Amino acid sequence: MAAKTDLATETPFGHGFQDADEVLPTYHIEAQTSLVERPLRSLKFGEAFGVLDSYGDIGVQPGPEGLYFQDTRYLSRLEVKIEGQRPLMLSSVMQDDNGALSVDMTTPDIRLDAHDETSIPRETVAIERTKFLFRGACYDRIGLRSYDTKHRRLRVSVTFDADYRDLFEVRGTDRKERGKRGVLVATPTEVQFRYVGLDDVVRTTSLHFGPKPALLEPGKAEFEISLSPGAQTSIFIRVVFESHRAFTKPPTETMIGEDAAARLTQVANGGGSPKHPKGLGEGTIFARAYRDSRRDLRALTAGITTIISSNDQFNEGLCRATADLYMLASRTPEGIYPFAGIPWYSTVFGRDGIITAMMALWIDPKFGRGVLRYLAATQAKVVDPAADAQPGKVLHETRRGEMAMLGEVPFRHYYGTIDGTPLFVMLAWEYYLVSGDLQTIRDIWPALELALEWMNKYGDRDGDGFVEYARDTDKGLENQGWKDSHDSIFHADGHLAKGPIALCEVQGYVYAAKNGMGQLAGLLGHDDMAEQLTAEAKGLREKFDQAFWNEEIGTYALALDGAKKQCAVRSSNAGHALFTGIAKPERAARVAETLLGNDGFNGWGVRTIAKGEARYNPMSYHNGSIWPHDNALIAMGLARYDRKAEAARIFQGMFDTSLYQDQKRLPELFCGFMRRPQRGPVSYPVACSPQAWAAAAPFAFLAACLGLELDHDRNRVLLKNPILPGFLDGVTLYNVKLRDSRLDLRFQSYDDDVTVSVMRRHGDARVVVMK
C-alpha cells in the first residue's frame, strides 16, 4: 500500500488543521526538562512514591523529584553534602526486587581551608546509602566508613524543604491560590512541616534525625562526624507523612456512595504514621522497618509463576518487570491493584489496571481478582456530567490531591473512559478461565450486569449498535479511549474528528465482553441471557466489519465520527481488533501486513499511527510513538489468528528495545523514529518509568509466542503452535498454576520447531500441545 501524502511535512505541524492545535491541551504535561536527561530512581509503597536522583537526593535540579503521598509532594528537597560538597558517585542501583535504592559513594577531594592544599584526599571515606518506603514513611541510612590512616572529622549537612505542590502543579498547571504552610523545629531531632490546604486537609511532613544533629534549623541539619581509621558510623533520616481533615464536616452523598468512596482513601498501609515504641533509636527503627518491608514483599510475591530462559539479559528484564509489577501493586480492601505508573499516574486507573491484570493473569491471577472487586465497588451509580459518569460505568481515574478535592481538576472520582467498562466485563471472563473463581464472579455479578446495561444504554448514544463517547463538560477529557491526547483521533486529511466517536478497538472490547458475559451467564444458569449475548456479539462482528473495514488503507479504520464517517487512518488500534477476535479471519493477513509494514513497524515496535498519515509525528504521545503494552496486545491478537511469526517479530523488537533502557525496563512509550544501525530507540521525554502495563508486557509477549492458555474448566494447559523468538533457545516456566495442579514446563527450540517437556507435575492438570 503506497504511503499517503504526509500533510504534517508540507505545513508546520499544528497549522492548517484546526485552531485548537495552537493552544496547549487540557491537563497537558509540560516538559521544560526531560525525564531522560539524568537517571532517576523510583520508590513506592501504597499511595506513597518517591522520585529521586541517582544519589538518592531530591530537588537538586528542577523536575518531578520528590516524596509524594495522595498526589501531593510532601518533600520537595533533600540533599546530603560532605563539607559542602556532593560525594563522588560510585554506583546507584535499585535492588533486584525494587525494595530499596542502594547508592555507593565516596568523599571527593576536600579542602577544609581555601588557602591550604587538599586537606582530605578523595576516596578515603566510603559512603553507602540505603533508602526505601514503607507504611507511611521514607527511611534513609547514610553509612560512612573510613579507609584513611588518619583520624578525620567531617561535617555532613542535610538541606530539606516541603512545598506541598499538587501533582498537577508539578505537571505544569498554574494555581491562583494555595493554602498556608508552616515549619518548626519540634525537638532537637525533629523538624515538622505543616500545610493547611484550601480543601481543609492538614498535610504534615516530619523529619526525624539520628543521632542528634549538631545544628538543626527549619531547612537544615548538620552533623559533626568523627572517624578514626577503620571506624564506621551512620546517619538516619526518617520522613513521616500524614494527612487529616482540619475540620469535621457533615457527610455528603457521592455518586458511588460513602462506603465505596472511603475505599478510595483506604489503600492499606499506604500512609499514616508508622507506630514505633518510644525510646527506640533511629537505627533500630530503620532496621525493623527494613526487615518488615522485606517480609511484606516476600509475602506479596509468594507462589507466583516464574520464568528462567537461556538469555541472561532477558532474565534480567523479566526480573525487573516482576519487581515493577509488585512495586506498583497497592493493597486495597478488595485486593491488590496495580497503580498505573510513576511519576504522573501513581494512582488507580481503570483501563490500565484491567489491561495490566489481563497480561499478568497467567503468572498471578490475584491482580485480576483485586482489579475486578475494586472496580465493582467503585462503579458509578448516578448520572454526574462533571465526572462523565452514568450508572454502571467503570472508574477511569481517582485522585486525592488538593486540586482534585476542590474540583480544580475533575479527577477526584472520574469516569471519562469509553473502554474501561467493556474491558471490565472482558476481564471477568478471562479471570474465570484462568482461576475458576466462580465466587468472585457471583459477588460482582450485579456490577457486571450494570456494566452491560451501561454499554447498551449510555455507551450506545445513538442506538446504532456501536459504543461511542463525547465528554459531558468542557473539563473532561476530549478523547476517552486509551489514546486520549486531544489530537489522537482524526481524519485522513488531518482534521480532528467530531463526536460522538466510535473507536475501532472499543467495538472489539464490547464484542469480547458480550461473548465472555454470555459464557459466564451460562455457568450461572442464565441460559436465555447467554443465548442473547452470543447473538448480539455475532451481530456486532458483522456490523463492525461493514462499518470499519477500509479496503483502500488495507485495515480497519481508526474510528467513526459523529456522522458515521470513517477516520480512514492506519493505526495500531486495528491490532486490538485481532486481540479481541472481532476481526474476521479473512481480514487478519491484511491487518497484520499493514501493522508490520515499513510504515507501521519501525524495527523496534508497531507505531501508534503509521508513517505517512496526516498527523504522524514520531515524537508525539499517541500519533506515531510506540507503546509496549499496545504492542503486547497486538502480539496476542496476532497469536489468536495463528500469526506467530509476526508476534515473535514484535517480541524481538521489544527485547532489543529493553537492552538500551536503564535497568532493562520497558518504558511507558518511546519515539517512533525508524531503527538505525548502531543506535538504540529514541526515548520519549516525559514517559513514566516504571509503568504497570509496560511491566506486564513481556509476560504477554511470551504467552503469545507460546500460545499459552490456562483452561480451568477443562483442567488443561493449552499450548497452540508454540514458537520462540530468535533471542531465546529455551524457556522454563516454574509453578504454572491450574486448579490444585502445579507444573514446571520446559520449551526448547530446535531450528523451526519447539519441544515441550513437563519437568514437574503436582496434580492432574493435562498439558495439550496443538500444532
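**Entry 1: Arg-203**

I started with Arg-203, which I found in strand 13 (residues 201–210); helices (H or I, at least four residues) and strands (E, at least two) are DSSP runs, numbered from the N terminus. I am working with a predicted model, where local features need pLDDT of at least 70, side-chain atom pairs count only at pLDDT 80 or more, and totals for chains, interfaces and linings use all residues. Residues are numbered from 1 along each chain as its sequence is written, and side-chain values use heavy atoms, with hydrogens and water left out.

Is Arg-203 buried or exposed? I noted a relative accessible area of 3%, so Arg-203 is buried (buried means under 20% relative accessible area, exposed over 50%, partly exposed in between, with a 1.4 Å probe and protein chains only). Its side chain has a polar contact of 2.9 Å with the side chain of Asp-199. A polar contact is a pair of N or O atoms within 3.5 Å; within protein, one must be able to donate a hydrogen and the other to accept it, and residues adjacent in sequence count only if both atoms are side-chain atoms. Leaving aside neighbours within four places in sequence, I listed contacts (heavy atoms within 4.5 Å) of Arg-203, including Tyr-74, Tyr-164, Tyr-195 and Glu-242.

**Entry 2: aromatic rings**

Tyr-74, Tyr-164 and Tyr-195 turned up again, in one aromatic cluster with Phe-69 and Phe-241. Rings of Phe, Tyr and Trp (its six-membered ring) pair if their centres lie within 6.5 Å; planes under 30 degrees apart count as stacked, over 60 as edge-to-face and the rest as tilted. By this rule I have 37 aromatic pairs. In one of them, Phe-209 and Phe-223 have ring centres 6.2 Å apart and planes at 55°, so I filed the pair as tilted. Phe-209 is in strand 13 and Phe-223 in strand 15 (residues 220–227), 14 residues apart. Phe-209 is buried at 3%, and Phe-223 is buried at 2%.

Next I looked at Phe-655 and Phe-727, a stacked pair with 4.0 Å centre to centre and 10° between the planes. Phe-655 lies in helix 16 and Phe-727 in the loop between strand 28 and strand 29, so this pair ties together parts 72 residues apart in sequence. Both Phe-655 and Phe-727 are buried.

**Entry 3: the cores**

Which residues have the most contacts inside the largest nonpolar core? I wrote down Trp-362, Phe-424, Leu-448, Tyr-556 and Leu-733, in a core of 174 residues. A nonpolar core is a set of buried Ala, Val, Leu, Ile, Met, Phe, Trp, Tyr and Cys residues joined through side-chain atoms within 4.5 Å. Helix 17 (residues 692–706) gives the most to this core, with 14 residues. Apart from this core lies another, of 55 residues, among them Phe-45 and Met-105.

Still, a cis peptide bond joins Ile-342 and Pro-343, with omega about 10°. Pro-343 sits in the loop between strand 19 (335–338) and helix 6 (350–360). The bond from Gly-499 to Pro-500 is also cis, with omega near 0°. Asn-735 is not a glycine, yet I found a positive phi of about 65° there. Asn-735 lies in strand 29 (residues 730–738) and, at 18% relative accessibility, counts as buried.
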